[in-house]
Amino acid sequence: APAATGRAGAKAILIGEHAVVYGRPALAIPVRALEARAEARAISGPSRLRSALYTGQAARAPERLRVTVTAMAAALEAAGSPDTALEIAIESSIPAERGLGSSAAVSAAVIEAALAACGARVDDERMHELIQTAERAAHGSPSGLDARTVRARAAVWFEAGRIEPVSVGSDLTFVIADSGVRGRTREAVAAVAARRAADPAAVDASLDELGALATAVRGQVSAGESDGIGAAMTRAHTLLNGLGVGDPALDRLFAAAVSAGALGAKLTGGGRGGCVLALVRDTDAAAELSDHLTRVGAAAVWTTTVEGGA
Ligand code: MEV
C-alpha cells in the first residue's frame, strides 16, 4: 500500500505569547515557507521512526523525539489500533526550538499520517486534542495556541482555547530572524509563573497590556494600519523582556531590525532564544532587512507575507 501522509506548517506569534497562558488573546500567522511532513506505513512490528535526528525503533528513540513517539501512540490509540506497528518517516524544514511551532507541526503531521495509515478519521476537535497530548510531553501545559495554529492557513485570532480567522486589510510582510539560540519554552513559561507568584500586580498589569495590544493589533490588521502594528510589536517586546523571557541575542536582532527601519519587531514564541519577528513595509524592505540581519549575526532568515483581502 502507498504510504499515508500528513503535513503541517510553521507559525509565528504576532502578538500575545505568554499572556495567552493566562487567558489573554493572541494573534498568530502561518509561515508557509517552513513545513513538517510525515509518511506512515504499517509494518510487521516493532514501530520505527526515520528522521534526520534518529532512525530506529520508536521505543528506543532519544528523549528529543518523545513528542513524536507520543504523537504516534496517541494516533494509534485514537484509531483503535494500539497494537499496529508503523514506520513513520519525518521531514521538517522548521527549525526545532525556535518558537516557530516545530513540535506542534511535527506532531500534527505524524498524527495525520498515522491515522491515515490505519484508515481512521477524526474530527477537528479530536485532532486538536491529539496534538495537545503530544505538546504536553514537550511543554507541560501548553495553551493550545501552537496546536491550533499549525493547521491554519491564514492569520488567526486565538481566545479561550479556540481560533477564528482574522480579516487582513492589506498585505503584511514579515522578516523572521533566527538568533541561533535554542528557545526554552518550558523554562520561559515557568519563569513567568515564578515572577507572577512573587509580584502578581506587576505581572498581571503586563499581561493585561499584552492582551489589550492583541485586541488593538487585530483591529489594525483588519484596517491595514501597519505602523500601529509595528509600534504594538515593539511595545510587546519590551513587556516580554520585563516578564523575563528575553535573551541578549534576541535583543541584538531586535535593536538591529528597529534601527534598520523595520516598522516594529519583537521576540516571537516562548523566548529565551529562538526568533525575532519584524514587520516591514514591503518585500524589497524585507530583502534589505534580511541581508542586514544576516550581517549582524542571524543564523537564518525567512520572509513571510500575510495576504490582504483574506
Ligand atoms: C509558545 O509558542 C507560546 C507560549 O505562549 C506558550 C503557550 O502558549 O503554551 C509561550
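How many of the seven residues of strand 8 are buried? Strand 8 is mostly covered, with seven of its seven residues buried. A residue counts as buried if 20 or more other C-beta atoms lie within 10 Å of its own, as exposed if 12 or fewer do, and as partly exposed in between, with C-beta atoms placed from the backbone.

## Basis of the report

This is a predicted model, in which local features need pLDDT of at least 70 and side-chain atom pairs count only at pLDDT 80 or more, while totals for chains, interfaces and linings use all residues. Residues are numbered from 1 along each chain as its sequence is written.

Helices (H or I, at least four residues) and strands (E, at least two) are DSSP runs, numbered from the N terminus.

## Strand 8 and its sheet

Strand 8 covers residues 172–178. From this strand, Leu-172, Phe-174, Ile-176 and Asp-178 point one way, and Thr-173, Val-175 and Ala-177 point the other way. In a regular strand the side chains alternate between the two faces of the sheet.

Two strands pair if DSSP finds at least two bridges between them. Six bridges join strand 8 to strand 10 (residues 275–280), and seven join strand 8 to strand 11. In strand 10, Val-276 stands opposite Ala-177, and Leu-277 is the bridge partner of Ile-176. Asp-178 has Ala-300 in strand 11 as its bridge partner.

## Two domains

The chain is divided into domain 1 (4–162) and domain 2 (167–306); such bounds come from an automatic or database domain assignment. The domain centres, taken over C-alpha atoms, are separated by 24 Å. 28 residues of domain 1 are in contact with 34 residues of domain 2, where contact requires C-beta atoms, placed from the backbone, to lie within 7 Å.

On the side of domain 1 that touches domain 2, strand 2 supplies the largest share, seven residues. The residues on this side divide into 18 nonpolar, five polar and five charged. Here Ala, Val, Leu, Ile, Met, Phe, Trp, Tyr, Cys and Pro count as nonpolar, Asp, Glu, Lys and Arg as charged, and the others, Gly among them, as polar.

## Strands 1 and 2

Strand 1 and strand 2 run antiparallel and are joined by eleven bridges. Thr-5 stands opposite Glu-39 in strand 2. Of the twelve residues of strand 1, ten are buried.

Leu-27 lies in strand 2. This residue is buried because 26 other C-beta atoms lie within 10 Å. Leaving out residues up to four places away in sequence, Leu-27 touches residues including Leu-14, Trp-157 and Val-217.

## The nonpolar core

A nonpolar core is a set of buried Ala, Val, Leu, Ile, Met, Phe, Trp, Tyr and Cys residues joined through C-beta atoms within 7 Å. The largest one has 104 residues, and Ile-15, Ala-75, Val-110, Ala-114, Val-276 and Ala-278 touch the most other members. Helix 2 (residues 102–117) gives the largest share, eleven residues. Domain 1 and domain 2 each contribute at least three residues to this core.

Methods:
Two residues are in contact if their C-beta atoms, placed from the backbone, lie within 7 Å.
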